[in-house]
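Good morning, everyone. Please bring up the model on your screens, and keep the sequence beside it.

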Amino acid sequence: MRLDANNETTYILTADIGGSHITSSVVNVEQKSIVENTIFHSTVNSQGTADEILATWLNALATSLEKCNDIKISGVSVAMPGPFDYNKGICLMENVGKYDSVYGYNIKLAIYEKLHQRLPSAENVVFLNDADAFILGAVYQQNWETDKVIGITLGTGYGSGFVENGQLRTSGDDIPKDGLLYCQPYKEGINEDYISTRWFVNEWNKKTGESIKGVKEVAESQDALSNDLFEEFGQNLSNTLLPWRTSFNPSKLIIGGNITKALSRFENTLNKDLNINEIIAYPSTEEASMIGAAIHFTKTISNKMTRNTKQYLMPSKVEGTEKGQYNIYPSHQLTEGEINIGYASLAQSIKGNTKILLDGFVGVDWEAVTSQLLDALKAEGIQKATFINLDGALKSDKEIEELVSPYLGGDDPIFGKIYDKNLVDFFDQEKLDKLKNQEGELVIIYGSGASLLQDSDTTLVYFDVPKNEIQFRSRASRVLNLGAREIVAPKPQYKRMYFVDWMILNDQKSKILKDIDFIVDEQRSNEITWTDGDTFRKGLEDMSQNAFRVRPWFEPGAWGGQWIKDKIGGLNDDVPNYAWSFELIVPENGIVFEQNGNLLEVSFDFLMFHNHHNVLGEAANRFGYEFPIRFDFLDTYDGGNLSVQCHPRVPYMQEHFGHKFTQDETYYMLDAEEDAKVYLGFQEDIEPKAFENALTHAMESGEEMDVEKYVQVHKANKHDLFLIPNGTIHCSGKNGMVLEISSTPYIFTFKMYDWQRLDLDGKPRPMNIERGMENLYFDRKGDKVQEELISKQVVTEEGEDYQIVNLSTHKEHFYAVDRFEFDSSVEVELNNQCHIMSLVEGESITVVTNEKTFDINYAETFVVPAASKHYKLINTSGKRVKVIKSYVKSEEC
């Protein structure tokens, strides 16, 4: 249980907060005991102002802390009643008769601000439900860490918790959702209608006509009515526990709360009906709650990781790579302004304002942002700053669930539908208006969507974080979906982000780009980089007229190979493989600005929102803010085959997923071993039903399938191009390095057979046989495959030291593919087109646009925007180079 790496005793400052009191103390975690003389009790006016309530809470904590100045405190843990956002430390109590005035306040940050001289960071302040704290503490006090225990609190409400092997359980078929018993249906209402003080008060009044304050008066009467009420209460309590007694099968029951003082009046009923080995009563819950809070702290902090990946975090500064060496951190030089590092300089720039809005993308670590900004502002002499989390203005969980559920595909593990509403729909307008009118010496409102409160008196700071880092944080359980109160598993969280969160937050980006005062790259939570809004927008304008690269990122996969590990430097070798390189998948890639060696990354979307006409030229009217073409690597060198798969037809894509266009692909063979191959198109004698039956049998039985009985196999040579329009059965075989040139949508793969292997998480990847069958073109078979799906390469122009080769694409492809092959240089007119290119043979080239040069190394992907008008490619390799080029076909084609 030790938190300290040096085996020192761990001390946690704790508090138990109730509706009218706070009790605080310092807990010795190893001894599971309260440090002598550190307990402090105080009454709280729960109807008071925010300042009064916070002052009482903070004074109690500070008083307990002052009683042990010689002890090193590892953190603060608070047992708090709900509703409360326990992850973020935000009070959500509203219209429950207490603490309305601190609704939406960041209690975590308020505690850190008060005690920051004794705490390492705001992350060392944690919260948990008061009932959970009591139950966890009681379990550890009784040394029941290896048992299954149900704990309940009986008083004004019906609290509950389920503990197994010393850990709180909140999920599973054997317990109620979130471990909450109070809201389970019972008789004509819910459990808490019958298990609470108000039940006794109401029943006594109905039967006698008399009004009483609580259970104590019922217990003291000792008459037949009193006996009957306690007997009925005991029966109700047994009935509400019995289903979970059966499914969870606890050996112990802990009962706490004020009603426990009368346990002897209903204990026999419990023992008779539940048959639990041991029942322990805790009439006073405060000590157990504080010990439980301390235990919770050690478990929470010790399990925290900021990102779950072996990929390196992009540094704030980087040196360039050598000629010919792939650059994993490409950047665009700012010609004006500065890129700054750290919160100190940011605080200096914003300190003169009275209302600051911190907006940002889902995945921003607001805890790190607010605590470090608070420290920086204090260093600037600002003593009073009120931080308010925008989440307090969100609609209820139920309302948000009703908003998003139609777009999440039900139980489908992968697919949903593009959200078509607005960010403001997630918020309660009255609460937004209240926040907008918030006044104070310095008010800082933060959270995704804070810009909804923007007016002429506010300063807007936007925090961006790359989408790959969002996913790494998600895998470490550090990300909440927009408007969500609870963290969910990474895959459903990603699906929600793809179809809902990213859509509406990108839309908001497009609306506020012109008004951003400061832009911050938050991927390094402890070392942000930032610049001012004008510098940022000038950088976007310059990038929209000159050649650039996006920042690629790399991922292992079930079929991944070794080519990327062998050929691309700067990556972590401690991975099994690299299956993908996201070279230019712009919904997920970022763009990096550089100035004096400092790096600032923002999402590619900002470039499109700034001037998509500059980037796309004539294609902008057709695709709007969507960048239409993607380049990525599929590495199967010494790896395995991809899954046998197809992609949706256009009408299917539009109807089911809400995308305007679909996932039409090509495989360009950047490199290939002698045995490299591509599975593409059907055999001449294909019978759809027999194919479906074979797929279904393989999935259900686990037996291997003879794929080549149904699907053609083609030898794959370096520089071949295979055409994969929607509805085509296909898969890349092993020992190939594929440059996939495709339309931008990229998750809509209907996997139909996956060679009976498991994913990297040890689970089978989801199959979509039915959807695949609904979209396949079975007439793409026999000789037609060679004629229509294998690209014909024709020289369309040549000179003394160059030639241009057209690689034919399918009529379904809205993009064309050409290849420049040259010894010295070529000059190209763009004709209001955007060109996406990759150096596929040769060491290096230089791209010249508007007299600016940009160096490109082997296998790097780059973009020349339409506004560049023309460009020159200069060979710096010393021998002939080859450059693949793709662009949107004219609509007449």
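I will start with the whole chain and then go through some single places.

First, some ground rules. This is a predicted model, so local features need pLDDT of at least 70, side-chain atom pairs count only at pLDDT 80 or more, and totals for chains, interfaces and linings use all residues. Residues are numbered from 1 along each chain as its sequence is written, and side-chain values use heavy atoms, with hydrogens and water left out.

Now the overall picture. The protein chain has 22 helices and 46 strands. Helices (H or I, at least four residues) and strands (E, at least two) are DSSP runs, numbered from the N terminus. Along the principal axes, the C-alpha atoms fill a box of roughly 110 × 70 × 50 Å.

Next, burial. Of the 893 residues, 61% count as buried. Buried means under 20% relative accessible area, exposed means over 50%, and partly exposed is in between (1.4 Å probe, protein chains only). The accessible surface of the protein chain is about 35,300 Å². Carbon and sulfur atoms hold 44% of that surface. The areas come from the Shrake-Rupley method with a 1.4 Å probe; for residues, only the protein chains shown count as cover.

On to contacts, meaning heavy atoms within 4.5 Å.

A word on charge. The chain has 87 positive and 135 negative charges, and their mean positions are 1 Å apart. Lys and Arg count as positive, Asp and Glu as negative; His and the chain ends are not counted. Each charge is placed at NZ of Lys, CZ of Arg, CG of Asp or CD of Glu.

Let's zoom in on helix H11, residues 397-404. Which residues of H11 are buried? They are Ile400, Leu403 and Val404. These three cover an arc of only 80° around the axis, so they sit on the same side of H11. The arc is that of the directions from the helix axis to the C-beta atoms. On the other side of H11, Lys398 and Glu402 are exposed. The cover over the buried residues of H11 includes helix H14 (490-512).

Now for some partners across the sequence. Tyr11 is in strand S1 (residues 11-17). Tyr11 and Val76 are 65 residues apart in sequence, but 9.2 Å apart in space, C-alpha to C-alpha. Leaving out neighbours within four places in sequence, the contacts of Tyr11 include Val26, Val35, Ile71 and Gly75.

Gly447 is in the loop between strand S20 (443-446) and strand S21 (459-464). Its relative accessibility is 2%, so Gly447 counts as buried. Val364 is 83 residues away from Gly447 in sequence and 8.6 Å away in space, C-alpha to C-alpha. Not counting residues up to four places away, Gly447 touches Leu358, Asp359, Gly360, Trp366 and Leu390.

Phe554 is in strand S24 (residues 553-555). Phe554 counts as buried because its relative accessibility is 3%. Phe554 and Ser581 are 27 residues apart in sequence and 4.4 Å apart in space, C-alpha to C-alpha. Beyond four places in sequence, Phe554 has contacts that include Gln311, Tyr326, Leu571 and Trp580.

Last, the backbone. Most residues other than glycine have a negative phi, and most peptide bonds are trans. Here are some departures.

What is the form of the peptide bond from Gly82 to Pro83? That bond is cis, with omega near 0°. Pro83 is in the loop between strand S5 (73-80) and strand S6 (84-85).

Lys32 has a positive phi, near 55°. Lys32 is in the loop between strand S2 (21-28) and strand S3 (33-34). At 19% relative accessibility, Lys32 counts as buried.

Asn850 also has a positive phi, near 50°. The loop between strand S42 (844-849) and strand S43 (852-857) holds Asn850. Asn850 is partly exposed, at 43% relative accessible area.

That's my tour. Thank you.
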